[in-house]
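I opened this notebook page to record what I looked up in one protein model, going from the whole chain down to single residues.

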Amino acid sequence: MGQTRAILHVDMDAFFASIAELDDPTLRGKAVLIGGTGPRSVVTTASYEARRFGCRSAMPMAKARRLCPHALIVKVPGDRIRDLSRAMFAVLDDFSPVVEPVSVDEAFLDVTGLTRLMGPPPDIAAKLKAQVHKATGLTASVGVSFNKFLAKIASDMEKPDGLTVISPENLDAKLLPLPVDRIWGVGPKLYEKLQKHGIHYVGDLRPLDEPRLAQLFGDAGTRLYRLCRGIDHRPVTPDHTAKSIGQEQTFAEDVADPDHIRAVMLEQAQQVGRRLRAKGFKARTVTTKIRFGDFETISRATTLDHPTDLTDDLYHAARLMFDRWASAQFRPVRLIGISASGFAEAAQPGLFTDPAEERKRQLDRLADNITTRFGKGAIHRAGPNT
């Protein structure tokens with residue numbers, strides 16, 4: 001790849017389902033759904049056998065069970081998720097100092113400066129895959145390219161246990177034949193619009209110039225123009241150098257229940273607060289991000305009176321912004337996100353602390369300790385009652 005950037009996207013294969021199969025080999029080759037059985041439960045992970053029936057992550061469990069009635073529903077202990085995720089990230093950290101976590105089982109690595117020491121990027125990816133398997137007993141698929149968008153596309157091309165390279169030389173051969181909904185951010189509504197204009201594959205976008213795409217699809221058109229040409233300048237950003245810390249969730253289908261969205265926001269505030277506290281940061285600005293099925297995105301930001309790392313404060317600020325928007329113009333939501341920025345180092349508590357704030361801090365310490373011990377998802381707030 002010459003002097004171009006060398007980016008890897010590492011994605012564990014059906015992570016939770018693979019853990020279940022690792023711990024119980026009798027599950028191998030069977031349709032497995034990871035998640036609960038309650039009326040509002042969603043699929044955390046579907047095994048590849050279950051995916052053949054249309055089951056997928058974030059789908060309501062009830063729908064997945066209708067698609068695949070013979071599927072086995074399994075829960076994975078939080079400590080196993082935590083331990084294997086940590087083992088995976090320990091391998092990634094050994095390979096590069098520039099690792100951007102995306103989730104417990106997914107990350108970007110920038111290996112641009114390591115090629116003289118470790119060889120070409122595909123060789124680095126192969127070694128990394130072998131080390132991840134040795135450390136976890138699980139397989140990972142790795143995409144190799146010169147930017148994050150293409151590395152992410154590549155990692156999904158040969159799952160499971162894949163290694164795919166998208167280079168400047170094979171860019172068109174790899175990218176243009178893909179269905180257009182493989183482009184990041186193309187949801188069902190935008191996909192339907194694209195199809196109405198005869199755009200079914202990434203290659204169908206190429207003849208259209210940027211003004212025309214912007215005219216047809218608004219802000220999404222500008223994004224489509226860049227991505228169909230493989231243009232993505234985003235850097236790989238480790239948590240410790242990030243200018244903001246956030247959590248987002250994209251729903252499998254547009255969510256029309258505001259209370260469900262608020263419950264998700266509460267979980268997100270808990271994760272953002274935990275990461276702030278782990279870094280020793282407090283944030284002055286909280287941002288709420290809302291995206292709809294047609295990819296239109298809005299955001300609202302507020303500056304707090306005092307920097308905070310408390311889950312309740314973060315959630316309260318984010319929910320106020322959401323509620324103001326929802327009371328005026330609510331419509332079904334495809335993505336919800338919370339982020340914190342404007343960092344300051346957390347000061348030591350003074351001699352006289354507010355009792356209410358101290359109770360919040362004790363609750364956060366308890367939640368953080370449980371999460372550290374048993375993994376993310378091991379503890380949930382009772383409900384959005386702030």
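**Ground rules.** I am working from a predicted model, in which local features need pLDDT of at least 70 and side-chain atom pairs count only at pLDDT 80 or more, while totals for chains, interfaces and linings use all residues. I number residues from 1 along each chain as its sequence is written, and side-chain values use heavy atoms, with hydrogens and water left out.

**Whole protein.** I counted 14 helices and 12 strands, taking helices (H or I, at least four residues) and strands (E, at least two) as DSSP runs numbered from the N terminus. Of the 386 residues, 46% count as buried, where buried means under 20% relative accessible area, exposed over 50%, and partly exposed in between, with a 1.4 Å probe and protein chains only. The protein exposes about 19,000 Å², of which carbon and sulfur atoms supply 52%; the areas come from the Shrake-Rupley method with a 1.4 Å probe, and for residues only the protein chains shown count as cover. Among contacts (heavy atoms within 4.5 Å) with a separation of 6 or more, 66% are between residues 24 or more positions apart.

I traced an open sheet of five strands in the order 5-6-1-7-8, with mixed pairing; two strands pair if DSSP finds at least two bridges between them. Strand 5 (99-103) and strand 8 (163-165) stand at the edges with a single partner strand each, so one side of each has no neighbour in the sheet. The twist averages 15° from one strand to the next. Helix 7 (residues 148-155) packs on this sheet, touching strands 1, 5, 6, 7 and 8, and its direction makes about 145° with that of strand 7; axes are lines fitted to C-alpha atoms, for helices over the stretch in contact, and angles run from 0 to 180 degrees between N-to-C directions.

**Strand 1.** Why is strand 1 (residues 7-12) largely enclosed by the rest of the structure? I found that six of its six residues are buried, so the strand is largely enclosed. In a regular strand the side chains alternate between the two faces of the sheet. Here I7, H9 and D11 point one way and L8, V10 and M12 the other way. Strand 1 pairs in the antiparallel sense with strand 6 (residues 106-110) over five bridges, I7 having D110 as its bridge partner. Strand 1 also pairs in the antiparallel sense with strand 7 (residues 140-145), over six bridges, and there the partner of H9 is G143.

**Three-stranded sheet.** I noted an open sheet of three strands, order 3-2-4, with mixed pairing. Two bridges join strand 2 (residues 32-34) to strand 3, and these run antiparallel; I34 has T45 of strand 3 as its bridge partner.

**T285.** Is T285 buried or exposed? T285, in strand 10 (residues 281-291), is buried, with a relative accessible area of 19%. Leaving aside its neighbours within four places in sequence, T285 is in contact with A301, T302, T303, S339, A340 and S341.

**Helices 12 and 13.** The axes of helix 12 (residues 258-279) and helix 13 (residues 311-329) come within 8 Å and cross at roughly 145°. Residues meeting across this pair include I261, M265 and L266 in helix 12 and L314, Y315 and F322 in helix 13.
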